[in-house]
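Please look through the structure below before reading the numbered points.

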Amino acid sequence: MDRNGEDTPILVGQTGPLNGHRWKIRTTITVGRDADCDIMIPNRQVSRRHARIFSSDDGVLLEDLASKNGTHLNGDLVEDPVLLRDGDVVQIALAQQFIYLSSDATLPLGDYDKVDIGSSLTGKLRLEKRSRQVWIGDQEVIPPLSISQYRLLELLAEYEGRVVSRQEVIARVWGEKNAIDVSEQALDALVRRLRDRLASIDPQHPYIVTVRGHGLRLENPPA
C-alpha cells in the first residue's frame, strides 16, 4: 500500500536472473535489454525494448514492443495490449518470468520468494496454484501453460489418480454456461496440446491418460 493509503500493483520476478525482485507499477515500466529500461534483462533473447507495462483508465496493461522472441501472458502470445489481472504470469522470451499482483497487499513481499513451488502435488509433476507455475522434476514448463491448459491440469491434479469425466472437465475449463457449446473435438485438441507441452520436457511418461468411455486421469510418477 502506498503512502496515500492506496494499493499499488506490483510485478514480481520469478524464474530468470531477476527472480525475487519486485517493482511497483505507478505509471509505465519498460522491459528490455537496454540499460535505460526500467527492468533490464541481460539476455540476448530479450529485445532492446521488449515490452512495457503501464497504467490506464481501465487498469494495468501489458504491451509487446514488436520484440523478436515475443511476450507471453499465461502462455498466450501477446499481440495487442492486454489487461493484466491478479496472478497473471508474464513471460519475456524464454529469459525471464514475472507474476503480476494487483495489490502490494495481496501477498507479504518478504514471503513471496519462500512459496513452496511443489505445494499441490508430491510426484514428479508439481503445480504452484497461485503463480500457475508447472514443474516436471527440476525443470519448469516455459512458456507457461495457457489458462485452459492449466485449468485442465489443475482439475486432474485435484483428483490425482482418479478418473474425471469429460463433462466435468469441459465445465471446469470452459465454464458451466459455455459447456453445452464445447465439442468433443475441442476437448481432444486441448488434451493433445497439454500432452505435447508436458512431453517436451518428459517424453517418457504420458501424465494425461484417457480412460475410454469414462474420462481422463492424471498419472504422476514419483519424484
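1. Helix α1 crosses helix α2 in a right-handed manner; a crossing is right-handed if the near helix is turned clockwise from the far one by less than a right angle, and left-handed if anticlockwise. Helices here are DSSP runs of H or I with at least four residues, strands are runs of E with at least two, and both are numbered from the N terminus.

2. This is a predicted model, in which local features need pLDDT of at least 70 and side-chain atom pairs count only at pLDDT 80 or more, while totals for chains, interfaces and linings use all residues. Residues are numbered from 1 along each chain as its sequence is written, and side-chain values use heavy atoms, with hydrogens and water left out.

3. The axes of α1 and α2 are 9 Å apart, and the angle between them is about 130 degrees. Axes are lines fitted to C-alpha atoms, for helices over the stretch in contact, and angles run from 0 to 180 degrees between N-to-C directions. The angle makes α1 oblique to α2, because angles under 35 degrees count as roughly parallel, over 145 as roughly antiparallel, 65 to 115 as roughly perpendicular and the rest as oblique.

4. On the α1 side, the contact (heavy atoms within 4.5 Å) involves Ser-148, Arg-151, Leu-152, Glu-154, Leu-155 and Glu-158. Their partners in α2 are Glu-168, Val-169, Arg-172 and Val-173. These residues divide into 4 nonpolar, 1 polar and 5 charged; Ala, Val, Leu, Ile, Met, Phe, Trp, Tyr, Cys and Pro count as nonpolar, Asp, Glu, Lys and Arg as charged, and the others, Gly among them, as polar.

5. Glu-154 and Arg-172 form a salt bridge (3.4 Å, N to O), that is, a side-chain nitrogen of Lys or Arg within 4 Å of a carboxyl oxygen of Asp or Glu. Glu-154 sits in α1 (residues 147–158) and Arg-172 in α2 (residues 166–174), so the bridge ties together parts 18 residues apart in sequence. Glu-154 is buried at 15% relative accessible area, whereas Arg-172 is partly exposed at 30%; buried means under 20%, exposed over 50%, and partly exposed in between (1.4 Å probe, protein chains only).

6. A second salt bridge joins Glu-184 and Arg-166 (2.6 Å, N to O). Glu-184 belongs to helix α3 (residues 184–199) and Arg-166 to α2, so this pair also ties together parts 18 residues apart in sequence. Arg-166 is buried, at 19%, and Glu-184 is partly exposed, at 39%.
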